[in-house]
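Keep the viewer open as you go.

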Amino acid sequence: MAFLDPSLTRPATLWRGIGIALGGAALISLGAKVQIPFWPVPMTLHTLAVFFLAAALGPRLGTAAVVAYLTAGALGMPVFSGTPERGIGLAYMAGPTGGYLAGYLLGAGLTGWLAQGRGLIGRFLAMLAGLAVVYALGLAWLASFVPASSLLAAGFTPFILGDLIKLALASGLIAAFARLRAQLSSSAQ
C-alpha cells in the first residue's frame, strides 16, 4: 500500500471530505433555489453559500463542494437557479450564466486560499477577490449573449449590491461560528 497516495489510506478522512463536499453542494443548491425579494432583481443565496463554504472550509474542501455542485448540475440535476424551467444539465451551463458558474469554481479556490488564517476583514477581502473572479468570467461569457452596451446592466449592476451584502453576511457568520466554537471549547474544559 506504500505506492498509494497517503491520504487515500485514511478512509475516514477521505469519507469525511466527501461528506463535507456533498453537504456543501447541497447547501449551494438550496441557496440557488431560495429567492428573496430585493431591488432591482430577486436575490438568491447561492453566492452566499459558495463564499461562506470557501472561506470556512478552505481552498480544497470549498472547491470540492463547488465541483460537486457543478457536477450534479452537469448531470442534469435541477440544482441551479431557474432549473428546470430554464433548462438543465450542460445546456443550462452553456447558457448565459455559464461564466458565473465557472467563476464560482475559480472564485471558491481563490477565496479559500486567501481567507486562510484571516480575521473578519481579511475574509471579506478574500471573498471580494473571489467575487471579482466570478464577475470577470461571468461578464466575459455573457458578452456572447448580450450586446456590449447592455452587458453591465444585464450581468453586474442588478446583482452587485446583493452580492456585497451576502459577502458581509458570510464573513459575519464565519466569525460568529468561530466565537461559538471557542466558547464551547472553553466551557468543555
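Let's begin with a charged pair: Lys166 forms a salt bridge with Asp163, and their closest N and O atoms are 3.0 Å apart. By the rule applied here, the count comes to one salt bridge. Please keep in mind that this is a predicted model.

**The salt bridge**

- Side chains of opposite charge can pair when their charged atoms come close.
- How far apart are Lys166 and Asp163 in helix H8? They are three residues apart, so about one helical turn separates them.
- Are these two partners buried or exposed? Lys166 counts as buried because its relative accessibility is 5%, under the 20% cut-off.
- Asp163 is likewise placed in the buried class, at 7% relative accessibility.

**Tyr135, a contact of Asp163**

- Tyr135 belongs to helix H6 and counts as buried, with a relative accessibility of 7%.
- Leaving aside residues up to four places away in sequence, Tyr135 touches Tyr100, Gly155, Phe156, Phe159, Ile160 and Asp163. Asp163, one of these contacts, is also the salt-bridge partner of Lys166.
- From Tyr135 to Ile160 there are 25 residues in sequence, while their C-alpha atoms lie 9.2 Å apart in space.

**Overall architecture**

- The chain's secondary structure comes to eight helices and two strands.
- In sequence order, the pattern is α-β-β-α-α-α-α-α-α-α.
- The radius of gyration is 18 Å, close to the 16 Å that the globule rule gives for 189 residues, so the chain is as compact as a globular protein of that length.
- Taken along the principal axes, the box filled by the C-alpha atoms is roughly 60 × 40 × 25 Å.
- Of the contacts with a separation of 6 or more, 65% are between residues 24 or more positions apart.

**The nonpolar core**

- What share of the 189 residues is buried? Buried residues make up 37% of them.
- The largest nonpolar core holds 36 residues, and Ile28 and Tyr69 have the most contacts inside it.
- Two or more residues each come from helix H1 (11-33), helix H2 (46-57), helix H3 (59-74), helix H5 (98-115), H6 and helix H8 (157-188).
- Which element gives the most to this core? That is H2, with eight residues.
- Ile28 touches His46, Ala49, Val50, Leu53, Ala65, Val66 and Tyr69, when residues up to four places away in sequence are not counted.

**Thr111, a buried residue in H5**

- Thr111 has its place in helix H5.
- At 0% relative accessibility, Thr111 counts as buried.
- Its contacts, not counting residues up to four places away in sequence, are Phe51, Ala54, Ala55, Ala126, Met127 and Gly130.

**The surface**

- The chain exposes about 10300 Å², and 73% of that area is supplied by carbon and sulfur atoms.
- Leu120, Ile121, Leu125, Leu128 and Leu164 make a nonpolar surface patch of about 430 Å².
- Where does most of this patch come from? Helix H6 (residues 120-142) gives the most, with four residues.
- Leu128 sits in helix H6. This residue counts as partly exposed because its relative accessibility is 33%, which falls between the 20% and 50% cut-offs.

**Loops worth a look**

- Most residues other than glycine have a negative phi, and most peptide bonds are trans.
- The peptide bond from Thr83 to Pro84 is cis, with omega near 5 degrees.
- Pro84 lies in the loop between H3 and helix H4 (89-93).
- Arg118 is found in the loop between H5 and H6, and is partly exposed, with a relative accessible area of 47%.
- Arg118 and Thr13 are separated by 105 residues in sequence and by 25 Å in space, C-alpha to C-alpha.

Terms used:
Residues numbered from 1 in each chain as written. Predicted model: local features only at pLDDT ≥ 70, side-chain atom pairs only at ≥ 80, totals over all residues. Heavy atoms only, no water. Rg over C-alpha atoms; globule rule 2.2 N^0.38 Å. Buried < 20%, exposed > 50% of the residue type's maximum accessible area, 1.4 Å probe, protein only. Contact = heavy atoms within 4.5 Å. Areas by Shrake-Rupley, 256 points an atom, 1.4 Å probe, with all protein chains shown as cover. Patch = residues over 30% accessible without salt bridge, like charges linked within 9 Å, V, L, I, M, F, W, Y side chains within 5 Å. Salt bridge = Lys/Arg side-chain N within 4 Å of Asp/Glu carboxyl O. Core = buried A, V, L, I, M, F, W, Y, C linked by side-chain atoms within 4.5 Å.
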